[in-house]
Amino acid sequence: MTAAQAGDSRAYEQLLRELDVWLRRYYARRLPHPAADDARQDALLAIHAKRYSYIPSKSFGAWVMAIAHYKWIDRIRDASRYTALSLDEEIAVEDHEGAAVSAAALDHLLGRLKPAQECVIRLVKLKGLSIARASGATGQSASLVKINIHRGLKKLATFVS
């Protein structure tokens, strides 16, 4: 960050890449997938916007952690603002609880995988893309896509058992 503040654009790009990986893991353990991704992006924007406020003599980790923590709290507050409206007892509503629980559990399990594995499993196994299209979308070779799917599914099986 000190080099980035001095104008070193390469150092700043490297810093953002490393922070992106760290924030992805940080929020994956604390929030559901879509909210985790939003919080990660909010934190990266806040770090970018407030980079001038970092004091090099202070701990960079503590500075980043504070921003990440506040963005996590913001996400939790946002979720609590949307209160449920009571529905009339006469309205027929299908029960989707099982599907919702399964989707949330799958999201949680996929979030525990390496990002490359999670991404290709979502693309190929959940969205139905071909190996070639997933390869083009992720920048991974077709062989690497297959390897990441195999390893990711194997790891998911260990999580479930």
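The structure is a predicted model, in which local features need pLDDT of at least 70, side-chain atom pairs count only at pLDDT 80 or more, and totals for chains, interfaces and linings use all residues. Residues are numbered from 1 along each chain as its sequence is written, and side-chain values use heavy atoms, with hydrogens and water left out.

Five aromatic pairs were found in a search of the whole structure. Trp 22 and Tyr 26 form one that is stacked, at 5.1 Å centre to centre and 20 degrees between the planes. Here rings of Phe, Tyr and Trp (its six-membered ring) pair if their centres lie within 6.5 Å, and planes under 30 degrees apart count as stacked, over 60 as edge-to-face and the rest as tilted. Both residues belong to helix α2 (residues 9-28), where Trp 22 and Tyr 26 are four residues apart, about one turn of the helix. Helices (H or I, at least four residues) are DSSP runs numbered from the N terminus. Trp 22 counts as partly exposed because its relative accessibility is 33%, whereas Tyr 26 is buried at 5%; buried means under 20% relative accessible area, exposed over 50% and partly exposed in between (1.4 Å probe, protein chains only). Tyr 54 and Phe 60 form an edge-to-face pair, with 5.3 Å centre to centre and 90 degrees between the planes. Tyr 54 is buried at 7% relative accessibility, and Phe 60 is partly exposed at 22%. Ring pairs also link Trp 22, Tyr 26 and Tyr 27 into a cluster.

The charged end of Arg 30 sits over the ring of Tyr 26, 3.7 Å from its centre. The criterion is that NZ of Lys or CZ of Arg is within 6 Å of the ring centre and within 35 degrees of the ring normal. The charged end of Arg 112 likewise sits over the ring of Phe 159, 4.0 Å from its centre.

Arg 75 is located in helix α4 (residues 60-81). Its side chain makes a polar contact of 2.5 Å with the side chain of Asp 42 (a pair of N or O atoms within 3.5 Å; within protein, one must be able to donate a hydrogen and the other to accept it, and residues adjacent in sequence count only if both atoms are side-chain atoms).

The largest pocket is lined by 25 residues, of which Arg 24, Ala 28, His 33, Gly 111 and Glu 118 lie nearest its centre. On a 1 Å grid over the protein atoms alone, a pocket is an open set of points where a 1.4 Å probe fits, with protein on both sides within 12 Å along at least five of seven lines, and lining residues have an atom within 4 Å of a point. Elements giving two or more residues to this lining are α2, α3 (33-49), α5 (97-111) and α6 (115-126).
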